[in-house]
Amino acid sequence: MLRIATDIDALARFGRALADPIRCRVLLVLRDGPAYPADLAEALGIARTRLSNHLACLRDCGLVVAVPDGRRVRYELADPRLGHALDDLRSAVLAVAADTTCPDAEAEGCC
(Lines give C-alpha, C1' and ligand atoms only; values in the text may rest on other atoms or scores of the structure.)
Protein backbone atom coordinates (compact mmCIF):
# COMPACT_ATOMS: atom_id res chain seq x y z
CA MET A 1 0.00 0.00 0.00
CA LEU A 2 1.30 3.44 -0.91
CA ARG A 3 1.74 5.93 1.87
CA ILE A 4 1.07 9.59 1.23
CA ALA A 5 4.08 11.58 2.40
CA THR A 6 3.62 14.24 5.00
CA ASP A 7 4.70 17.76 4.19
CA ILE A 8 7.89 17.30 6.19
CA ASP A 9 8.74 14.01 4.49
CA ALA A 10 8.24 15.58 1.08
CA LEU A 11 10.44 18.56 1.90
CA ALA A 12 13.13 16.33 3.41
CA ARG A 13 13.24 14.22 0.23
CA PHE A 14 13.49 17.35 -1.88
CA GLY A 15 16.25 18.69 0.38
CA ARG A 16 18.18 15.42 0.16
CA ALA A 17 18.00 15.53 -3.62
CA LEU A 18 19.18 19.15 -3.74
CA ALA A 19 22.00 18.55 -1.25
CA ASP A 20 24.34 17.40 -4.03
CA PRO A 21 25.37 19.64 -6.95
CA ILE A 22 25.31 16.76 -9.44
CA ARG A 23 21.75 15.86 -8.50
CA CYS A 24 20.81 19.54 -8.85
CA ARG A 25 22.33 19.57 -12.32
CA VAL A 26 20.46 16.37 -13.27
CA LEU A 27 17.17 17.89 -12.12
CA LEU A 28 17.82 21.08 -14.07
CA VAL A 29 18.58 19.10 -17.24
CA LEU A 30 15.46 16.96 -16.78
CA ARG A 31 13.43 20.11 -16.22
CA ASP A 32 13.91 20.74 -19.94
CA GLY A 33 12.68 17.25 -20.87
CA PRO A 34 13.34 13.51 -20.58
CA ALA A 35 16.83 12.16 -21.21
CA TYR A 36 18.70 8.89 -21.45
CA PRO A 37 21.49 8.15 -18.94
CA ALA A 38 24.22 8.20 -21.60
CA ASP A 39 23.07 11.62 -22.77
CA LEU A 40 22.84 12.90 -19.20
CA ALA A 41 26.34 11.66 -18.39
CA GLU A 42 27.75 13.34 -21.48
CA ALA A 43 25.89 16.61 -20.84
CA LEU A 44 27.08 16.70 -17.23
CA GLY A 45 30.60 15.47 -17.98
CA ILE A 46 30.50 12.62 -15.45
CA ALA A 47 30.93 8.85 -15.62
CA ARG A 48 27.79 6.80 -16.19
CA THR A 49 28.40 4.75 -13.03
CA ARG A 50 28.55 7.92 -10.95
CA LEU A 51 25.40 9.22 -12.64
CA SER A 52 23.66 5.92 -11.95
CA ASN A 53 24.09 6.41 -8.20
CA HIS A 54 22.63 9.91 -8.39
CA LEU A 55 19.69 8.75 -10.51
CA ALA A 56 18.99 6.01 -7.95
CA CYS A 57 18.93 8.63 -5.19
CA LEU A 58 16.57 10.85 -7.20
CA ARG A 59 14.30 7.86 -7.86
CA ASP A 60 14.33 6.94 -4.15
CA CYS A 61 13.43 10.54 -3.32
CA GLY A 62 10.48 10.25 -5.72
CA LEU A 63 11.62 13.14 -7.92
CA VAL A 64 12.44 11.25 -11.12
CA VAL A 65 11.04 8.17 -12.78
CA ALA A 66 12.63 5.66 -15.12
CA VAL A 67 10.48 5.06 -18.19
CA PRO A 68 11.19 1.94 -20.29
CA ASP A 69 11.70 2.79 -23.95
CA GLY A 70 12.36 -0.41 -25.87
CA ARG A 71 15.69 -1.75 -24.64
CA ARG A 72 16.60 1.59 -23.10
CA VAL A 73 15.38 3.56 -20.13
CA ARG A 74 14.85 7.29 -20.13
CA TYR A 75 14.51 9.49 -17.09
CA GLU A 76 12.09 12.32 -16.49
CA LEU A 77 10.77 14.39 -13.63
CA ALA A 78 8.14 12.45 -11.70
CA ASP A 79 5.76 15.41 -11.91
CA PRO A 80 5.85 18.47 -14.19
CA ARG A 81 5.28 20.70 -11.15
CA LEU A 82 8.82 19.84 -10.02
CA GLY A 83 10.19 21.89 -12.90
CA HIS A 84 8.20 24.90 -11.71
CA ALA A 85 9.33 24.28 -8.13
CA LEU A 86 12.97 24.22 -9.23
CA ASP A 87 12.50 27.50 -11.08
CA ASP A 88 10.80 29.06 -8.05
CA LEU A 89 13.54 27.87 -5.69
CA ARG A 90 16.27 29.13 -7.98
CA SER A 91 14.77 32.58 -8.28
CA ALA A 92 14.04 32.77 -4.54
CA VAL A 93 17.61 31.82 -3.62
CA LEU A 94 19.02 34.33 -6.09
CA ALA A 95 16.91 37.03 -4.46
CA VAL A 96 18.43 36.41 -1.03
CA ALA A 97 21.10 38.93 -0.07
CA ALA A 98 24.65 37.58 -0.17
CA ASP A 99 25.32 38.57 3.44
CA THR A 100 22.51 36.46 4.89
CA THR A 101 24.35 33.17 4.64
CA CYS A 102 24.88 30.79 7.53
CA PRO A 103 27.08 32.57 10.13
CA ASP A 104 29.13 29.42 10.74
CA ALA A 105 29.10 28.27 7.14
CA GLU A 106 32.24 26.15 7.31
CA ALA A 107 31.44 24.61 10.69
CA GLU A 108 27.79 23.93 9.80
CA GLY A 109 28.40 22.72 6.24
CA CYS A 110 26.37 25.57 4.77
CA CYS A 111 27.08 27.00 1.35
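Helices (H or I, at least four residues) and strands (E, at least two) are DSSP runs, numbered from the N terminus. This is a predicted model, in which local features need pLDDT of at least 70 and side-chain atom pairs count only at pLDDT 80 or more, while totals for chains, interfaces and linings use all residues. Residues are numbered from 1 along each chain as its sequence is written, and side-chain values use heavy atoms, with hydrogens and water left out.

**Figure 1. A10 in helix α1.** Let us start with one alanine. A10 has 33% relative accessibility, so A10 counts as partly exposed (buried means under 20% relative accessible area, exposed over 50%, and partly exposed in between, with a 1.4 Å probe and protein chains only). G62 is 52 residues away along the chain, and the C-alpha atoms of A10 and G62 are 8.9 Å apart.

**Figure 2. The whole protein, for orientation.** The protein has six helices and two strands, which follow the order α-α-α-α-β-β-α-α from the N terminus on. Of its 111 residues, 25% are buried. Among contacts (heavy atoms within 4.5 Å) with a separation of 6 or more, 50% join residues 24 or more positions apart.

**Figure 3. Helix α1 meeting helix α2.** The axes of α1 (residues 7-18) and α2 come within 6 Å and cross at roughly 105°. Axes are lines fitted to C-alpha atoms, for helices over the stretch in contact, and angles run from 0 to 180 degrees between N-to-C directions. The two helices α1 and α2 are therefore roughly perpendicular (angles under 35 degrees count as roughly parallel, over 145 as roughly antiparallel, 65 to 115 as roughly perpendicular and the rest as oblique). On the α1 side look for R16, A17 and L18, which meet R23, C24 and L27 of α2. Sorted by class, the contact of α1 with α2 has four nonpolar, no polar and two charged residues. Here Ala, Val, Leu, Ile, Met, Phe, Trp, Tyr, Cys and Pro count as nonpolar, Asp, Glu, Lys and Arg as charged, and the others, Gly among them, as polar.

**Figure 4. Helix α2 meeting helix α4.** The axes of α2 and α4 come within 10 Å and cross at roughly 75°, which makes α2 roughly perpendicular to α4. From α2, the residues I22, R23, V26 and L27 meet R50, L51, H54, L55, C57 and L58 of α4. This contact of α2 with α4 divides into seven nonpolar, one polar and two charged residues.

**Figure 5. The largest nonpolar core.** A nonpolar core is a set of buried Ala, Val, Leu, Ile, Met, Phe, Trp, Tyr and Cys residues joined through side-chain atoms within 4.5 Å. In soluble globular proteins, nonpolar side chains tend to be buried together. The largest core holds 22 residues, of which V26, L27, L30, L51, L58, L63 and V64 touch the most other members. At least two residues of this core come from each of α1, α2, α3, α4 (48-60), β2 (72-77) and α5 (81-95). Beyond its neighbours within four places in sequence, V64 is in contact with residues including L27, L30, Y75 and L77.

**Figure 6. R72 in strand β2.** With 45% relative accessibility, R72 counts as partly exposed. Leaving aside neighbours within four places in sequence, R72 is in contact with Y36, D39 and V67.

**Figure 7. D32 in the loop between α2 (21-31) and α3 (37-44).** D32 counts as exposed, at 64% relative accessibility. The C-alpha atoms of D32 and E76, which lie 44 residues apart along the chain, are separated by 9.3 Å.
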